[in-house]
Amino acid sequence: MKKIIKKCKKYQFLFEELVKRDFKQKYKRSILGMGWSILSPLFTLLVMYVIFSNLFGHKMEHYVTYLFSGQLVLSYYKESTKNGMTSLVNNSKIFTKINVPKYMFLLSKNVSALVNFGLTLVVYFIFCAFDGITFHPRQFLLIFPILCILGLNIGVGLILSAMFVFFRDIRYLYDIVLTLLTYVSAVFYSVDKFSAFGQRLFLLNPVYVYIKYFRVIMIDGLVPSLEYHLLCLFYAGISLLIGGLIYKKNNHAFLYYL
Amino acid sequence: MSVIECNNVSIRYMTGDFKAIGLKEYVIRHLKGNYHVKEFWADKDVTFKLEKGDMLGIIGSNGAGKSTLLKAVTGIMIPTYGELHTKGNIAALLELASGFDGDMTVKENTYLRGALLGYTRQFLDEKYDEIIKFAELEEFQDYEFKQLSSGMKSRLAFSIACLVNPDIIILDEVLSVGDGAFRKKSGDKMKEILDSGVTGLLVSHSISQVRELCNKILWLDHGKQVAFTDDVDHYCDAYEEFLMTKKLPKKKEDIDKLAADYKIRLQKEEEEKDRKAAERAAKAQAKAAAAK
């Protein structure tokens, strides 16, 4: 335990500097930069709302919150994993010359997506208030799915960034995966129309699982079951485990591919 | 215990089809059975041992496995077989100027590089002025890094990397950074570090530099170890002759012969030089006489 704390302390400075660099690279010191990254999901939300509320909205209460919950989680997942994918390759010049822990590049990349998510989350709560959602203390439990999504994003980021070193066309394949993911995550429609079995199948999609957590606690005002919490934890844990193992195994092999 | 102990280290490098082919291509080639990976040994059975204060010169022609060996010592690569132990913190100066971020300022890059090298913020806060002063970049601190000339970039990189007092220093063709004045300064700084009892590894194509700085040499050829010795001058003689004849020595006698040949050649060259100089002097004299 002491060893881990010592290690964290040692790399804290590096982590901070990498985060600073990523922010500067991303926003190029422009003021609009950060505002834009919140505005763009809001625009998407607006378009979706205009179109889909006419299609499904009149049958559903709190459709704005329903839609925004999906959009919030999904766009965070997309941004984080897409940014994370290139984190190894973009820094290859550094880690082929200097011996640094390679996952640091991914972790720092995840920070900017997390900050964006945090800002969007504030907007989300404002929308919820306008949508007539009643607030109560148990909504603080949202911290649990948020931590799980963070874990999932880091895990998937680890897997993707490693694969991107090996196969450069992953970028295009992953775009297809993300498009498909948008459709199976029930962002703008309800899963009620599906059979009970069909609804269970949706739970195979971790992003949907987290979206549903948001909806249950915000719209229905209920706390999901213990099993549901375990499922959330399972997805985060398994992706982190796989990603970590890939990194550990290939730590020195990445070099051959760059 | 020795500062660096390298026992029968072999490092395998992989090359071949897998580089830059996509997943789709990878699957197709596997299905067709057309997927080939070549491996070669960048280093084979390399053994050496360095004590505190030793300076090892690694010599060998291109592709001898010198840089790979250095990467293994820094921990960027690991030996496929064999054991490699190092003691203390390592400062590695490998291809200095790469890995900076062009859009960030000089100051930001200095902090980032320092962090990558494992310095603490406190340490950098203390040493920052010294680094900039040594790199002679006081007026450029807020410039974007891409605006610097390549000489300035190398100077900054050298200054950051040299500031610590490492236990082990690794130099890969870096003693020739910047213009004349800075080269002298960096050379002095290097000597100061070396005199402080650091253990060093130096890769250089300048044999005179190796003779001057090193007390041990490791001679590699195509990954194989030709010699590890503290008889620097003798083996440098042999190596210089080898560069001319391309005959790889197999036994101790071959080395002796190469070294002897080198001495003879050197002497001949000296004589030749003297003769030419004498000729030139005679000609000049004749000219002067004719002019009179």
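Predicted model: local features only at pLDDT ≥ 70, side-chain atom pairs only at ≥ 80, totals over all residues.
**Entry 1. Helix α2 of chain A**

I began with helix α2 of chain A, which covers residues 32-55 and has 24 residues. From first C-alpha to last, I noted a reach of 34 Å, close to the 34 Å expected at 1.5 Å a residue. I then looked for a bend and recorded a kink of about 30° in α2(A), centred on A:Tyr49. Next I asked which residues of α2(A) are buried. They are A:Ser37, A:Pro41 and A:Leu45. I traced the packing of these buried residues to α3 (63-85) and α6 (103-130) of chain A.

**Entry 2. A:Asn83**

I turned to A:Asn83, which is found in helix α3 of chain A. Is A:Asn83 buried or exposed? I counted 20 C-beta neighbours inside 10 Å. A residue is buried if 20 or more other C-beta atoms lie within 10 Å of its own, so A:Asn83 counts as buried. Leaving out residues up to four places away in sequence, I listed A:Lys109 and A:Ala113 as the residues that A:Asn83 touches. I also checked A:Asn83 against A:Ser161, 78 residues apart along the chain, and found their C-alpha atoms separated by 9.2 Å.

**Entry 3. Helices α7 and α8 of chain A**

I examined how helix α7 (residues 143-166) of chain A packs with helix α8 (residues 170-184) of chain A. The angle is about 140°, and the axes are 9 Å apart. Angles over 145 degrees count as roughly antiparallel, and those from 65 to 115 as roughly perpendicular; α7(A) and α8(A) are therefore oblique to each other. On the α7(A) side, I recorded A:Leu160, A:Met163 and A:Phe164 in the contact. On the α8(A) side, the contact is made by A:Ile170, A:Arg171 and A:Tyr174. By residue class, I noted five nonpolar, no polar and one charged in the contact of α7(A) with α8(A).

**Entry 4. The contact of chain A with chain B**

Finally, I looked up how many residues each chain brings to the contact. Chain A gives 22 residues and chain B gives 27 residues. I then asked which helices of chain A each supply at least two residues of the side that touches chain B. These are α1 (2-27), α5 (92-95) and α8 of chain A. I noted that α1(A) gives the most to this side, with six residues. The residues of the side of chain A that touches chain B divide into eleven nonpolar, four polar and seven charged.

Definitions and conventions: Residues numbered from 1 in each chain as written. Chains lettered and ligands numbered in written order. Axes fitted to C-alpha atoms, helices over the stretch in contact; angles between N-to-C directions. Helix = DSSP H or I, 4+ residues; strand = E, 2+ residues; numbered from the N terminus. Parallel < 35°, antiparallel > 145°, perpendicular 65-115°, else oblique. Contact = placed C-beta atoms within 7 Å. Nonpolar A, V, L, I, M, F, W, Y, C, P; charged D, E, K, R; others polar. Expected span 1.5 Å × (residues − 1). Bend = angle between axes of the 7 residues up to and from the residue. Buried ≥ 20, exposed ≤ 12 C-beta atoms within 10 Å, placed from the backbone.
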